[in-house]
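Student: Hi! I'm new to this one and would like a walk through it. Could you show me the structure before we start?

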Amino acid sequence: MTDQAYNFAYLDEQTKRMIRRAILKGIAVPGYQVPFASREMPMPYGWGTGGVQVTAACLVPEDLLKVIDQGADDTTNAVSIRKFFQRTAGVATTEATAEATVIQTRHRIPEVPLTEGQILVYQVPIPEPLRFLEPRETETRKMHELEEYGLMHVKLYEDIARHGEIATSYAYPVKVEGRYVMDPSPIPKFDNPKLGQSPAIQLFGAGREQRIYALPPYSDVVSLDFDDHPFQASKAPHDCDLCGAKDSYLDEVITDDAGGRMFVCSDTDFCAGRRAEGHVGRLGEPV
Amino acid sequence: MIRIENLSKSFTMHNQGSATIPVMVGARLTIAPGECVGLTGQSGAGKSTLMRMVWGNYLAAGGSIMVGETDVATAQPRQIIALRRETLGYVSQFLRVVPRVPTLDVVAEPLLALGTPLTEARDRAATLLARLNIPERLWSLSPTTFSGGEQQRVNIARGFAHAYPALLLDEPTASLDAANREVVLSLIDEAKARGAAILGIFHDEGARSRVCDRLVDVTGFTPPNIKAGAAA
Amino acid sequence: MTLHPRNPEISHGTATPDQPLLKVEGLTKRYGPRIGCLDVSFDLYPGEVLGIVGESGSGKSTLLSCLAGHQRADLGRIAYDGRDVLAMSETERRRLGRTDWAYVHQNPRDGLRMGVSAGGNVGERLMAVGARHYGDIRGKAADWLGRVEIAGDRIDDRPSAFSGGMQQRLQIARNLVTSPRLVFMDEPTGGLDVSVQARLLDLLRGLVRDLGLSVIIVTHDLAVVRLLAHRLMVMKSGRVVEQGLTDQVLDDPQHAYTQLLVSSVLQV
């Protein structure tokens, strides 16, 4: 099955070593953006080139790989990246979160709690949380160096002033181990509480921006907020219409042209697992 | 309160061949609290120069100018600033203010600088402006648009807002009508009565003889060469 | 002297009316063979406004940026409230720049975040020193907008919607909200209409008086310093040629260059 024209997991060994060094440095300095020599990958920027390189550097032949896009295993991005590694690394793949040893994700953290030994790799479009308020990279680096993070709260202030509440609902900034402010990639803020004290290793790769950062297991991760506007991990106020889950992150699905809609778990593996256990939602049918 | 000893002054015109012109030597003068001294002498004899040296905007070449405990001739700028804030008032012939500031606040400013509460300072300013016959409808306007006589009265109100222990008055009654002249003279009388030492220039002889206890002719402080030149 | 505390509270040091807040000795900055400023020394006391005048290229802006820590001086000493500014770490110096010090740029666009609301602009310094209560931050921002005569209902508007004079007043509010003790101003009335200048001058005078600010103001406008500055420093070719009481320097200038400068001003 493996295409022998490529080295294991596509990248050459020197490149993987370079990326591993960046990953190790990222783990040693949680939340710090480590520059790395991002390679051209056989897919466009924005399709997860950063995450793919990090995954390639982590994979060993024994790994069981899971790839999700917005929680789903069966969307284009997830399918193509899974196939990419099936072909270039010949690793086994799975959709079951609990079984996987490496999970590459775009914009979600699985609902099933991760465990020690697992690696979660995030695809990151813009790693710099200060970017939107301070466009100068030289200045944002200086601000990280000197822990000048007042600007992060200016962004949240603007939210409340404009919308009456903190309207930032994804890529919600966090402070890691009391030191670096970090962009957790565009995960919904519903997932933010899962970032902290996770037994798994969490790695973040930004291909176009050439940055890698990391959360080692059991890191302290705090979502920024105001005393009088505390952080809230919000989700749509519904239960899953397929499996009835009350506490999972939901996608809204339009079902017809007459305003019909349903809410379903964005984590397809989680939803399928619950249905297999016999849980049935409002519109679901027993398996 | 004011004691001037052996004061001298010269100007060096660097842009006119660096000529140094001595304009005053050996000036001496004493003013006790409650006393008003008038400076006399022809135009150009040095009345304004002496006044400005006491105020501190002309540098003395030698001698001393004691105002209270401060020697203006040798004091640091910040000592002079403190002196002007607390001790020494000045009614000049020209009103120099930030444009667009209401007249009431222009007059109240010396009090505000001393930390007087705003309403109290404005009350005092209003009293003075009313006394000097500045119509109330003008109080909220900037004095920069006023007539010469009105500006002069605003300047006087400002100079008398705080009860300075020492006062410099440069032609305070010039360009005033009889009624307002009378108000100014009574303000001067009141200042003397509360113990202010006043140094003034009055071209108005009636005013001079009414408020001045003594006159000092500054021609006596003019250097001999200048005097000879002026006579020639 | 103890070091600047790491906590976000604003320090209140030992400066008294009799102790200089800022003591500058022999400050020198060269750009290769060219002189930026040479051997500048002065003391600034609490509540004092020091004007620095001179023509373009006289070194006044170089001096201001060295004092404010935007450029590093080659030689000399700057003591702020007894602490050696040039020996501070960058972290400490930038912290000072957010708390005790403020810097008002000539062009408000350089001192404001144009994409952030007026309230956010004013609140930033509060948040930078640890304020984390939205209601308090907004209350203080509203208070300061009022003090600089910006209507309260503009609090959520961006500065790009403001006139030049309003932008400059907003910049001042943004700088003064953390109650700094020392304010650097670079031609603060420079780009403004004359009538707007007047209003700003009045505002600045009031703030200096009410808050006891020490100010170093660089300008080429002698009328501005006469109304605002207690003391004046005249610079030419990077050197201070004359300094003293403002009206003394303007009315009885001693140095040839000052005499020329003063006599060159158009009378109005």
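This is a predicted model: local features need pLDDT of at least 70, side-chain atom pairs count only at pLDDT 80 or more; totals for chains, interfaces and linings use all residues.

**Rings and interfaces**

Tutor: Happy to! Residues are numbered from 1 along each chain as its sequence is written, chains are lettered from A and ligands numbered from 1 in the order in which they are written, and side-chain values use heavy atoms, with hydrogens and water left out.

Student: How many aromatic pairs are there over all chains?

Tutor: The whole structure has 15 of them over all chains. Rings of Phe, Tyr and Trp (its six-membered ring) pair if their centres lie within 6.5 Å; planes under 30 degrees apart count as stacked, over 60 as edge-to-face and the rest as tilted. A:Phe190 and A:Tyr249 make a tilted pair, with 5.5 Å centre to centre and 35 degrees between the planes.

Student: Where in the chain do A:Phe190 and A:Tyr249 sit?

Tutor: They are 59 residues apart, so the pair links distant parts of the chain: A:Phe190 is in the loop between β7 (180-182) and α6 (192-195) of chain A, and A:Tyr249 is in the loop between β10 (221-223) and β11 (250-254) of chain A. Helices (H or I, at least four residues) and strands (E, at least two) are DSSP runs, numbered from the N terminus.

Student: And is A:Phe190 buried or exposed?

Tutor: A:Phe190 counts as buried, because its relative accessibility is 13%.

Student: What about an aromatic pair in chain B?

Tutor: B:Phe11 and B:Tyr58 form an edge-to-face pair, 5.5 Å centre to centre with 90 degrees between the planes. B:Phe11 is in strand β1 (residues 2-13) of chain B, while B:Tyr58 is in the loop between α1 (47-55) and β4 (62-67). Both B:Phe11 and B:Tyr58 are buried.

Student: New topic! How many residues are in contact between chain B and chain C?

Tutor: 26 residues of chain B touch 26 residues of chain C (contact means heavy atoms within 4.5 Å). The two chains bury about 2,200 Å² between them, with 56% of it on carbon and sulfur atoms. Buried area is the accessible area (1.4 Å probe) that two parts lose on being put together, summed over both.

Student: How many salt bridges are there across it?

Tutor: The interface of chain B and chain C has 3 salt bridges (a side-chain nitrogen of Lys or Arg within 4 Å of a carboxyl oxygen of Asp or Glu). One joins the side chains of B:Arg84 and C:Asp247, at 2.9 Å from N to O. On the side of chain B that touches chain C, β1, α2 (77-86) and α3 (103-113) each supply at least two residues, and α2(B) gives the most, with 5 residues.

Student: And what does chain C do with chain A?

Tutor: Here 23 residues from chain C meet 22 residues from chain A, and about 1,900 Å² is buried between them, 54% of it from carbon and sulfur atoms. In chain C, C:Arg94, C:Arg132 and C:Tyr134 lose the most area to chain A, together 36% of what that side buries. There are 5 salt bridges between chain C and chain A, and one of them joins the side chains of A:Glu139 and C:Arg94 at 2.9 Å, N to O.

Terms used. Buried means under 20% relative accessible area, exposed over 50%, partly exposed in between (1.4 Å probe, protein chains only).
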